[in-house]
Amino acid sequence: MTSTWRRPVLYVGTIGFVLAVWELLSVTGMVQPLLLASPGDTWDRLVLLTGQGDTVRSAVEVTLRETGTAFLIATAVAVPFGVLAGASRTARAAYEPLLTSFSALPLVVLYPVLAATIGIGSGSKIALAALYTFFPIVIGTLRATANVDVGLLAAARTMGATRSQQTLSVVSPTVFPAVLSSMRVGLGLGLVTTIAAEFISGAEGVGYQLGVTSQGLDTPGLFAWIVIACALTVVVNVIFTLCTIVARKGVYR
Amino acid sequence: MIVVDRNETASVHTDEPPARLNVRDVTLSYGSTVAAKDLTFDIRPAEFLSLIGPSGCGKSTALRAMGGLLTPDRGEVTLDGTPIGGPRPGDISFVFQDLALYPWRTAVRNVEIALQFAGIGRAERRDRSRAALAAVGLGDVPDKFPHELSGGMKQRVAIARALVSEAPMLLLDEPFAALDELSRFRIGEQLVRLLEEQGKTVVFVTHNLSEAVFLSDRVLVMTPRPATIKEIVTVDLERPRRPELMRTPRFHELTDRLSALLLETEGGT
């Protein structure tokens with residue numbers, strides 16, 4: 001097998017194996033149809049759902065919009081704050097332990113509070129997802145900024161760099177990879193949080209559909225929405241990767 | 001092109017009063033550690049001055065104060081009569097021991113960054129940076145990244161970056177420390193020729209005595225921390241400096257004298 005073909009063959013093989021086990025478990029009746037829909041039934045339901053007006057499209061749109069808004073808000077606050085706090089030893093000592101301990105809290109307990117204050121619409125979902133997205137990004141950015149080589153900054157100062165020039169030309173390119181990976185972690189968490197919040201309460205989005213189908217004992221429907229949620233995760237990650245390629249060109253100008 | 005500009009600058013400076021940089025009663029400290037105490041010396045225009053002394057004696061700290069990166073606790077550093085008060089990119093360039101090259105920038109763009117901070121336009125900074133690289137013998141590798149270059153080549157990129165701004169004064173902090181003896185010698189010889197041509201004023205921190213003698217007009221010997229001045233030795237060897245000088249009796253007398261002074265400073269503690 002040549003190396004060009006190894007990866008695609010491995011991927012297809014792995015997915016095929018999982019599907020085969022899934023089929024085996026449901027066809028032989030080892031797992032009851034109520035708990036596990038067969039791949040065939042799931043596929044039929046997917047076809048039905050996608051052919052059925054815009055149920056799928058509007059649910060995906062809602063979840064994407066909520067996750068995206070939460071991600072933008074969290075990034076817009078976390079990255080500048082992380083850079084500012086990371087650049088100063090005093091600010092680092094004050095905020096880093098605080099942020100690390102907050103990030104370990106099960107913030108989902110705040111959801112009832114958020115729902116009561118903001119309402120059970122999109123707003124509370126965005127708020128909770130933004131909280132979950134914020135912590136990995138701010139901690140990652142702060143650490144990366146703290147680790148910037150002071151020698152590189154001193155050299156920039158001798159060449160007359162102003163503070164903003166130092167941030168733009170020395171700090172940004174240094175912290176970029178770490179900030180990007182923390183953003184990817186934050187984005188994943190944000191998507192999970194959005195879906196979970198929709199699941200808890202609300203009337204739209206992928207999480208809501210998962211809730212409706214599972215509570216209605218509509219197992220093929222539930223599995224169809226699980227497949228949709230997985231596809232959504234893949235799409236979100238691909239979009240993020242494409243954005244990073246553009247951003248990289250900007251930072252390493 | 002750069003060479004011509006430098007010669008003009010050099011001729012202007014000969015009309016000026018003798019000292020370019022004055023270090024007056026300077027005391028420097030890191031937290032509670034006193035790194036250098038009551039340093040007083042001058043640097044004359046177009047002079048090559050080396051600082052030598054035991055490891056960790058505060059030579060680099062003194063150099064940072066001369067470059068405006070550190071404010072003295074007491075005393076004052078003045079450039080052409082005015083207190084230095086911070087980095088002066090138009091007057092003073094720095095080459096650091098660890099070179100401080102930006103790993104995500106190619107050689108030419110590492111040189112360019114000095115001009116970018118000075119607000120010079122893209123086309124001009126590209127041209128001047130290529131010329132500066134060519135002047136240090138790196139005309140053929142402008143688009144390589146630092147990790148693709150040898151130690152000696154990285155060294156030259158750092159020197160090109162210090163030269164491109166055309167600042168008349170250069171502060172070099174053990175720039176050849178990481179090089180093997182042969183590269184060290186080659187780059188040193190090339191550097192001395194370039195700086196002689198351009199009439200630069202240079203302060204050079206080093207551990208290597210023959211390097212100090214070969215390159216310098218005067219060598220300032222420092223005591224262990226807190227650094228004070230043990231003695232300033234004048235190197236009365238002719239310029240331009242040629243490698244053959246290193247085989248003359250006078251060269252050996254001078255290196256012997258420096259090593260004797262260094263041994264004395266160590267015995268003093």
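Colleague: Which residues of helix 1 of chain A meet residues of helix 2 of chain A?
Modeller: From helix 1 of chain A, A:L19, A:W22, A:E23 and A:S26 meet A:P39, A:G40 and A:T42 of helix 2 of chain A. Contact here means heavy atoms within 4.5 Å. Helices (H or I, at least four residues) and strands (E, at least two) are DSSP runs, numbered from the N terminus.

Colleague: What kind of model is this, and how are residues and chains labelled?
Modeller: This is a predicted model, in which local features need pLDDT of at least 70 and side-chain atom pairs count only at pLDDT 80 or more, whereas totals for chains, interfaces and linings use all residues. Residues are numbered from 1 along each chain as its sequence is written, chains are lettered from A and ligands numbered from 1 in the order in which they are written, and side-chain values use heavy atoms, with hydrogens and water left out.

Colleague: Back to that helix pair: at what angle do helix 1 and helix 2 of chain A cross?
Modeller: Helix 1 (residues 3–27) and helix 2 (residues 39–51) of chain A cross at roughly 105°, and their axes come within 8 Å. Axes are lines fitted to C-alpha atoms, for helices over the stretch in contact, and angles run from 0 to 180 degrees between N-to-C directions. Helix 1 and helix 2 of chain A are therefore roughly perpendicular to each other. Angles under 35 degrees count as roughly parallel, over 145 as roughly antiparallel, 65 to 115 as roughly perpendicular and the rest as oblique.

Colleague: And which residue classes make up that contact of helix 1 with helix 2 of chain A?
Modeller: There are three nonpolar, three polar and one charged residues in the contact of helix 1 of chain A with helix 2 of chain A. Ala, Val, Leu, Ile, Met, Phe, Trp, Tyr, Cys and Pro count as nonpolar, Asp, Glu, Lys and Arg as charged, and the others, Gly among them, as polar.

Colleague: How do helix 5 and helix 6 of chain A pack?
Modeller: Helix 5 (residues 111–118) and helix 6 (residues 122–146) of chain A pack at about 140°, their axes being 8 Å apart. That makes helix 5 of chain A oblique to helix 6 of chain A. The crossing of helix 5 and helix 6 of chain A is right-handed. A crossing is left-handed if the near helix is turned anticlockwise from the far one by less than a right angle, and right-handed if clockwise.

Colleague: Which residues of helix 5 and helix 6 of chain A make the contact?
Modeller: A:Y111, A:L114, A:A115 and A:I118 of helix 5 of chain A face A:G123, A:S124, A:K125, A:A127 and A:L128 of helix 6 of chain A in this contact. The contact of helix 5 with helix 6 of chain A has six nonpolar, two polar and one charged residues.

Colleague: How many helices and strands does chain A have?
Modeller: Chain A has 10 helices and zero strands. The C-alpha atoms of chain A fill a box of roughly 75 × 60 × 35 Å along the principal axes.

Colleague: How many salt bridges are there over all chains?
Modeller: The count over all chains is 19 salt bridges, each a side-chain nitrogen of Lys or Arg within 4 Å of a carboxyl oxygen of Asp or Glu. One of them joins the side chains of A:E61 and A:R57 (3.3 Å, N to O). Being four residues apart in helix 3 (residues 55–87) of chain A, A:E61 and A:R57 are about one helical turn apart.

Colleague: What is the salt bridge count between chain B and chain A?
Modeller: Between chain B and chain A the count is zero salt bridges. In the interface, 19 residues of chain B are in contact with 17 residues of chain A.

Colleague: How much area do chain B and chain A bury between them?
Modeller: Chain B and chain A bury about 1600 Å², 65% of it on carbon and sulfur atoms. Buried area is the accessible area (1.4 Å probe) that two parts lose on being put together, summed over both. B:Y102, B:W104 and B:F117 supply 42% of the area that chain B buries against chain A, more than any other three residues.

Colleague: Changing topic, where in chain B does B:P226 lie?
Modeller: B:P226 lies in the loop between strand 9 (218–222) and strand 10 (229–234) of chain B. A cis peptide bond, with omega about -5°, joins B:R225 and B:P226. The bond from B:R239 to B:P240 is cis, with omega near -5°, and B:P240 lies in the loop between strand 10 and helix 8 (249–267) of chain B.

Colleague: What is the phi of B:L99?
Modeller: B:L99 has a positive phi of about 70° although it is not a glycine. Most residues other than glycine have a negative phi, and most peptide bonds are trans. B:L99 is in the loop between strand 6 (92–95) and helix 3 (107–117) of chain B.
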